[in-house]
Amino acid sequence: MMCGAPSVVQPATAETQDIADQVRSQLEEKENKKFPVFKAVSFKSQVVAGTNYFIKVHVGDEDFIHLRVFKSLPHENKPLTLSNYQTNKAKHDELSYF
């Protein structure tokens, strides 16, 4: 993968779920609600000055949310940041960059 170029959509991994879990509280605070389910389904990544993760998360029933999470470079020693998110997504909605 070239720096700045996005990856293809891939099935979520244990690492992807861990990343989603680490920003779950940030999302729940912004949305002012608790999600009964929070399962990463798929993701894309983009290497920048760190890594952007675009993650599709199943949050219950037929509802999905798309997350953009920024992981800084290791030497910066910063926590994961929920950069952006999109609600009201469906299972078939393409995971895009936002």
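This is a predicted model: local features need pLDDT of at least 70, side-chain atom pairs count only at pLDDT 80 or more; totals for chains, interfaces and linings use all residues.

Trainee: What's the idea behind using a probe?

Mentor: Rolling a probe the size of a water molecule over the atoms shows where empty space is left. In this model, the largest pocket holds about 160 Å³ of space.

Trainee: Which residues line the largest pocket?

Mentor: The lining is made up of Glu31, Lys33, Phe35, Pro36, Val59, Asp63, Phe64, Ile65, Thr87, Asn88 and Lys89. Sorted by class, that gives five nonpolar, two polar and four charged residues. Strand E4 (63-71) and strand E5 (81-89) each contribute at least two residues to the lining.

Trainee: Okay, strands next. How are they arranged in the sheet, and in what order?

Mentor: Two strands pair if there are at least two bridges between them. Here five strands form an open sheet in the order E1-E2-E3-E4-E5, with antiparallel pairing. Strand E1 (10-11) and E5 stand at the edges with a single partner strand each, so one side of each has no neighbour in the sheet.

Trainee: How many bridges join E2 to E3, and how many join E3 to E4?

Mentor: Nine bridges link E2 to E3, and nine also link E3 to E4. For the second, Thr51 faces Lys71 in E4. Moving along, E4 and E5 pair over six bridges, again antiparallel, and there Phe70 has Thr81 in E5 as its bridge partner.

Trainee: What should I look for in the backbone angles?

Mentor: In the hairpin of E3 and E4, with two residues between the strands, Asp61 has a positive phi near 50 degrees. Asn32 has a positive phi too, near 55 degrees, and belongs to the loop between H1 and E2. Then there's Asn77, with a positive phi of about 50 degrees, in the loop between E4 and E5.

Trainee: Are those two asparagines, Asn32 and Asn77, buried or exposed?

Mentor: The cut-off for exposed is over 50% relative accessible area. Asn32 counts as exposed because its relative accessibility is 70%, and Asn77 is exposed with 71%. For contrast, take Gln46 in strand E2: its 18% relative accessibility makes Gln46 buried. Setting aside neighbours within four places in sequence, Gln46 contacts Gly4, Ala5, Thr51, Asn52 and Phe54.

Trainee: And how do I read a nonpolar core?

Mentor: In soluble globular proteins, nonpolar side chains tend to be buried together. The largest nonpolar core in this model has 17 residues, and those touching the most other members are Leu27, Phe38, Ile55, Val57, Leu67 and Val69. Two or more residues come from each of helix H1 (14-31), strand E2 (39-48), strand E3 (50-60) and E4.

Trainee: What does Phe38 touch?

Mentor: Not counting residues up to four places away in sequence, Phe38 touches Gln17, Ala20, Asp21, Arg24, Leu27, Val57, His58, Val59 and Leu67.

Note on methods:
Residues are numbered from 1 along each chain as its sequence is written. Side-chain values use heavy atoms; hydrogens and water are left out. On a 1 Å grid over the protein atoms alone, a cavity is a set of points where a 1.4 Å probe fits but cannot get out, and a pocket is an open set with protein on both sides within 12 Å along at least five of seven lines; lining residues have an atom within 4 Å of a point. Grid points are joined across faces, edges and corners, and a volume is the space filled by probe spheres set on the points. Helices (H or I, at least four residues) and strands (E, at least two) are DSSP runs, numbered from the N terminus. Ala, Val, Leu, Ile, Met, Phe, Trp, Tyr, Cys and Pro count as nonpolar, Asp, Glu, Lys and Arg as charged, and the others, Gly among them, as polar. A nonpolar core is a set of buried Ala, Val, Leu, Ile, Met, Phe, Trp, Tyr and Cys residues joined through side-chain atoms within 4.5 Å. Buried means under 20% relative accessible area, exposed over 50%, partly exposed in between (1.4 Å probe, protein chains only). Contact means heavy atoms within 4.5 Å.
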